[in-house]
Every structure is written in C-alpha cells, then in structure tokens.
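Thanks for coming, everyone. Let me put the structure up, and then we'll walk through it.

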Amino acid sequence: MFTLSDSDFVRLYTYIKQNYGIDLSKKKQLIVSRLSNTISHQGYASFSQYVDEILSGKNKDMVTALLNKLTTNYTYFLREEEHFQYLNSTVLPALAKKHERDKVLSIWSAGCSSGEEPYTISIYLKEFFGANASQWDTRILATDISQQILNTARNPHYNGEALERMPATWKQKYFTKTGSDSYTIAPIIKQNVIFQTFNLMNPIHFKRSFDLIFCRNVMIYFDQPTKDALVRRFFNATVPGGYLFIGHSEGLSKTDCPYEYIMPAIYQKTSSSFSGSRLQRG
C-alpha cells in the first residue's frame with residue numbers, strides 16, 4: 001500500500017474542495033485504502049505522481065474515477081418514499097394547476113447517480129397525468145459529475161434489490177426483465193429523462209428556472225459554507241413557488257437558508273422567503 005504524505009494529502013483535498021465542493025480533509029485513511037490499488041494498477045510509482053496528474057487538470061476522467069471511488073453511489077427506487085408521497089399528493093396537483101395552459105414542468109434531479117431518482121420521478125409523472133401525459137412536457141433534467149455513472153443511467157440494468165420497494169404493478173408496467181435478477185427501464189420512462197454532466201460548483205445557467213429540484217444525499221459531502229452557497233444557487237434557479245427536496249440526513253442552515261421550510265427535507269420558494277432573500281442580499 002502506498003504512503004500518502006501530509007503535503008500530498010493537503011494538495012489533493014484542497015484541489016477537490018475548490019473544484020468539486022467535496023470535503024475530504026478528514027478522509028486520509030479512506031483515500032489511501034481505496035486508491036492504493038488503483039494507483040498501482042495504473043502504473044504510478046507513488047501517490048505524489050498521481051496527485052501531480054490530478055492537479056494538472058488534463059485528465060477529467062481521472063478525477064471522476066477518484067470521486068466515484070471515494071463517494072458512495074448507493075441508491076434504489078423509492079428511496080425516502082415520503083418525498084414521493086408529498087410529490088404526488090401536493091406538489092404535482094399544484095404544478096398541474098399552475099401550468100394548465102403551457103403544460104410544461106421543469107424538474108431537475110441534481111446528483112442523479114445511476115438514474116433511480118429521475119426514473120422514479122418520471123414514473124410518478126406518468127401515473128399522475130395518466131392518459132393526458134402525452135399532452136405535457138415533463139422531461140426531467142438529470143445531472144451528475146460522473147460521465148461513467150451517467151452512461152450507466154442511460155442504459156441501466158438494475159438488480160431486484162433496487163426494485164424491492166416498487167409496487168408490483170409498476171414493476172410490470174415500467175420495467176423489462178433482462179436476466180434472472182436484472183431489469184431495465186421501459187422506453188416510455190427512459191425517454192422522459194435527459195442526462196447531462198454538470199458540476200454543482202459551477203454557476204447554474206440552464207434555459208429555464210425549475211419548478212422542482214431534487215438534490216438528495218449529495219450535500220453530505222460538502223462543508224456548511226459550500227452547502228449554503230449551493231442552496232443559494234438553487235434558490236436563484238427556482239421559480240417562485242417552486243420546491244427543493246434534499247436528503248433526510250442533510251440539514252440546511254436555519255439562519256442562511258433562503259427557502260421556507262415545509263417539512264423534513266422539503267423546502268419551498270414562497271413569497272416570504274423570496275422577499276426575505278432579496279433583503280439579505282441587499
């Protein structure tokens with residue numbers, strides 16, 4: 001196993017924090033244990049050489065491979081199911097009424113990993129609008145920093161465990177079995193999701209502001225200032241009345257959060273939160 005010097009460790013976690021927002025400053029042993037074999041197999045003589053290559057910025061695939069090794073892409077369908085119950089009972093009826101003329105919803109799954117979250121949202125949209133679904137543009141923007149994980153999401157194969165919480169009728173309608181314990185998503189759901197690489201540390205300049213942003217179990221890797229800054233960018237990219245859903249293990253700052261708290265892990269850009277945020281920004 002390679003040795004990671006303190007100086008190389010500082011160089012590496014500083015670079016990752018500045019460019020990707022992920023705080024690895026307390027993860028030295030994790031870095032050594034998870035990357036030593038990779039570094040050896042790739043022909044590097046030391047951690048120092050590997051860090052030099054990362055910091056050069058020439059090979060973006062190296063960075064995403066590193067982040068994939070150090071962050072957990074554990075996800076499954078209907079994770080934190082309370083979110084989807086609220087989506088179905090409250091958010092979608094409100095958005096359907098708001099957009100009854102233009103029939104366009106703008107939804108973002110930020111940090112979508114291997115696709116379970118945006119595909120779950122797409123299923124709920126299909127179920128909610130039913131026979132009228134074809135009259136609506138409900139395409140979901142699904143982004144992740146890793147091109148590799150997005151390639152998996154675009155052509156997914158999920159095991160039975162990932163679908164355990166799915167109702168049997170939905171599994172039959174929206175999934176196709178591809179092996180003894182392997183499933184792929186139905187085209188009618190897959191075509192409703194647009195996958196795109198995106199670094200959440202970058203400015204958010206998409207064509208439309210969002211009615212709903214899902215960013216769940218992503219900010220657990222960020223320190224508080226990074227998280228606060230990202231939430232402000234989300235807020236500015238949310239339409240008045242729009243929602244932000246975060247993971248239940250993630251808490252937003254009570255003093256700095258521009259959204260109004262609705263219920264655990266669900267926030268809304270209300271008129272009061274909007275005016276309050278404007279005042280805070282001067």
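One cut-off before we start: a residue counts as buried when its relative accessible area is under 20%. Glu-80 has 16%, so Glu-80 is buried. And keep in mind that this is a predicted model.

Stay with Glu-80 for a moment. Glu-80 sits in the loop between α4 and α5. Its phi is near 55°, a positive value, and the residue is not a glycine. Why flag that? Most residues other than glycine have a negative phi.

Where is Ser-113? In the loop between β1 and α6, the helix that covers 116-129. With a relative accessible area of 8%, Ser-113 is buried.

Now the helix at residues 6-20, α1. Start with its length. There are 15 residues, so at 1.5 Å a residue the helix should span 21 Å; the end C-alpha atoms are 21 Å apart, which agrees.

Which residues of α1 are buried? Asp-8, Phe-9, Leu-12, Tyr-15, Ile-16 and Tyr-20. They cover an arc of only 140° around the axis, so they lie on the same side of α1. An α-helix has 3.6 residues a turn, so residues three or four places apart point the same way.

What does that buried set pack against? Three helices: α2 at 28-41, α3 at 47-56 and α4 at 60-70. Turn to the other side of α1, and you find Asp-6 and Gln-18 exposed.

On to the strands. β1, residues 107-110, pairs with β2 in the parallel sense, over 4 bridges.

Is β2 enclosed or open? Residues 140-144 make up this strand, and 5 of the 5 are buried, so β2 is largely enclosed by the rest of the structure. Ile-140, Ala-142 and Asp-144 point one way. Leu-141 and Thr-143 point the other way. Both sets are buried.

Leu-105 lies in the loop between α5, residues 81-98, and β1. At 3% relative accessibility, this leucine counts as buried. What does Leu-105 touch, leaving out residues up to four places away in sequence? The partners include Leu-92, Leu-95 and His-99. Among them too are Leu-125, Phe-129 and Trp-136. Asp-211 is another one of the contacts. For scale, Leu-105 and Phe-234 are 129 residues apart in sequence, and 17 Å apart in space, C-alpha to C-alpha.

Back into α5, for His-83. His-83 counts as buried, at 1% relative accessibility. Setting aside neighbours within four places in sequence, which residues are in contact with His-83? Arg-216, Phe-245, Ile-246, His-248, Pro-264, Ala-265 and Ile-266.

There is also an open sheet. It has 3 strands in the order β3-β5-β4, with antiparallel pairing. The edge strands are β3, at 158-159, and β4, at 175-179, and each pairs on one side only. Between β4 and β5, residues 182-185, there are 4 bridges. To pick one out, Phe-175 has Ile-185 in β5 as its bridge partner.

Last topic: empty space. Rolling a probe the size of a water molecule over the atoms shows where such space is left.

Which of its 14 lining residues are closest to the centre? Ser-106, Arg-139, Leu-141, Ile-194 and Arg-208. β2 and β6, the strand at 193-197, are the elements that give two or more residues to this lining. Recall that Leu-141 is one of the buried residues of β2.

How many cavities reach 30 Å³ or more? The count is 1. The largest cavity holds about 40 Å³ of space. Its lining is made of Gln-224, Lys-227, Asp-228, Val-231, Leu-252, Ser-253, Asp-256 and Cys-257.

That's my tour. Over to you.

Notes
Residues are numbered from 1 along each chain as its sequence is written. This is a predicted model: local features need pLDDT of at least 70, side-chain atom pairs count only at pLDDT 80 or more; totals for chains, interfaces and linings use all residues. Side-chain values use heavy atoms; hydrogens and water are left out. Two strands pair if DSSP finds at least two bridges between them. The expected span of a helix is 1.5 Å times one less than its number of residues. Buried means under 20% relative accessible area, exposed over 50%, partly exposed in between (1.4 Å probe, protein chains only). The arc is that of the directions from the helix axis to the C-beta atoms. Contact means heavy atoms within 4.5 Å. On a 1 Å grid over the protein atoms alone, a cavity is a set of points where a 1.4 Å probe fits but cannot get out, and a pocket is an open set with protein on both sides within 12 Å along at least five of seven lines; lining residues have an atom within 4 Å of a point. Grid points are joined across faces, edges and corners, and a volume is the space filled by probe spheres set on the points.
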